[in-house]
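Open the model in your viewer and keep the selection panel at hand. The tour goes from the whole chain to single residues.

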Amino acid sequence: MKSLDVKIGLMGRHAPDWDPGQYLRHAGHRTRPFHELLARVPEPPGRPARIADLGCGAGNVTVLLADRWPDARITGYDNSAPMLAEAAAHAGPTPGGGRLDFAHADLADWTPEPGGERYDLIVSNAALQWVPDHVRAFPAWLAGLAPGGTFPFRRIFVVARKRGFA
């Protein structure tokens, strides 16, 4: 199994080097926890719902949001160009009249547009561990929720180990 290397120094941040093909080879293992998280999410307060998926990756999990809320307007955000290129295959109208889009964003500084449309749901599955000091972003993200909105997230624990270098 190929490992994920974290490259340091890209604009002073940690930027994972993601390979969509490798990522999707383990889609079943990555999707199960999202199903569990999604099962705990109440119905959004707005209809159609406005949803943000933070750290959407290849978009395969973002599609599950459209399956649950087919009339929702959903935007998946990620900072990996290769992952967004893969996600683009899922973009467009949904069968229920909603829309699925993807956009480039670095979660270290992404915030909902101040004074703009509020989100009914801001969700993040296994992405926040890659965002240094991500807890500082929570107040702005919560402020971007509509009344009654929800911010479910799942963060995995990452153990870094030093590889043997001669």
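Helices, of at least four residues, and strands, of at least two, are DSSP runs numbered from the N terminus. Read that way, the elements of this chain run β-β-α-α-β-α-β-α-β-β-β-α-β-β from the N terminus on. That makes 5 helices and 9 strands. Keep in mind that this is a predicted model.

**Whole chain**

Show the surface. The accessible area comes to about 9,400 Å², and 56% of it belongs to carbon and sulfur atoms. Of the 166 residues, 44% count as buried. Now turn to contacts between residues at least 6 apart in sequence: 72% of them join residues at least 24 apart.

**Stop 1: the largest nonpolar core**

Select Phe34, Leu38, Ile51, Leu65, Trp69, Ile74 and Leu121. Within the largest nonpolar core, a set of 20 residues, these have the most contacts. Which elements give two or more residues to this core? They are helix H2 (27-39), helix H3 (62-68), helix H4 (81-87), S6 and S7.

Centre on Phe34. Neighbours within four places in sequence aside, Phe34 is in contact with Val61, Leu64, Leu65, Val123 and Asn125.

**Stop 2: the aromatic pairs**

Show the rings of Phe, Tyr and Trp. A search of the whole structure finds 8 aromatic pairs. Select Tyr77 and Trp110 to see one of them. Their ring centres are 5.0 Å apart, the planes make an angle of 45 degrees, and the pair is tilted. What does this pair tie together? Tyr77 sits in strand S4 (residues 73-78) and Trp110 in the loop between strand S6 (99-104) and strand S7 (119-125), so the pair joins parts 33 residues apart in sequence.

Are these two residues buried or exposed? Tyr77 has 10% relative accessibility and counts as buried. Trp110, at 9%, counts as buried too. The cut-off for buried is under 20%.

Ring pairs link Tyr77, Trp110, Tyr119, Phe138, Trp141, Phe151 and Phe153 into a cluster.

**Stop 3: Ser124**

Go to strand S7 and pick Ser124. Ser124 is buried, at 0% relative accessibility. Show the surroundings next. Neighbours within four places in sequence aside, Ser124 is in contact with Leu37, Leu54, Pro152, Phe153 and Arg154.

**Stop 4: Asn60**

Last, select Asn60, in the loop between strand S3 (50-54) and H3. Asn60 has 18% relative accessibility; the limit for buried is under 20%, so Asn60 counts as buried. Asn60 and Ala87 are 7.2 Å apart in space and 27 residues apart in sequence.

Note on methods:
Residues numbered from 1 in each chain as written. Predicted model: local features only at pLDDT ≥ 70, side-chain atom pairs only at ≥ 80, totals over all residues. Heavy atoms only, no water. Phe/Tyr/Trp six-rings, centres within 6.5 Å; stacked < 30°, edge-to-face > 60°. Buried < 20%, exposed > 50% of the residue type's maximum accessible area, 1.4 Å probe, protein only. Core = buried A, V, L, I, M, F, W, Y, C linked by side-chain atoms within 4.5 Å. Contact = heavy atoms within 4.5 Å. Areas by Shrake-Rupley, 256 points an atom, 1.4 Å probe, with all protein chains shown as cover.
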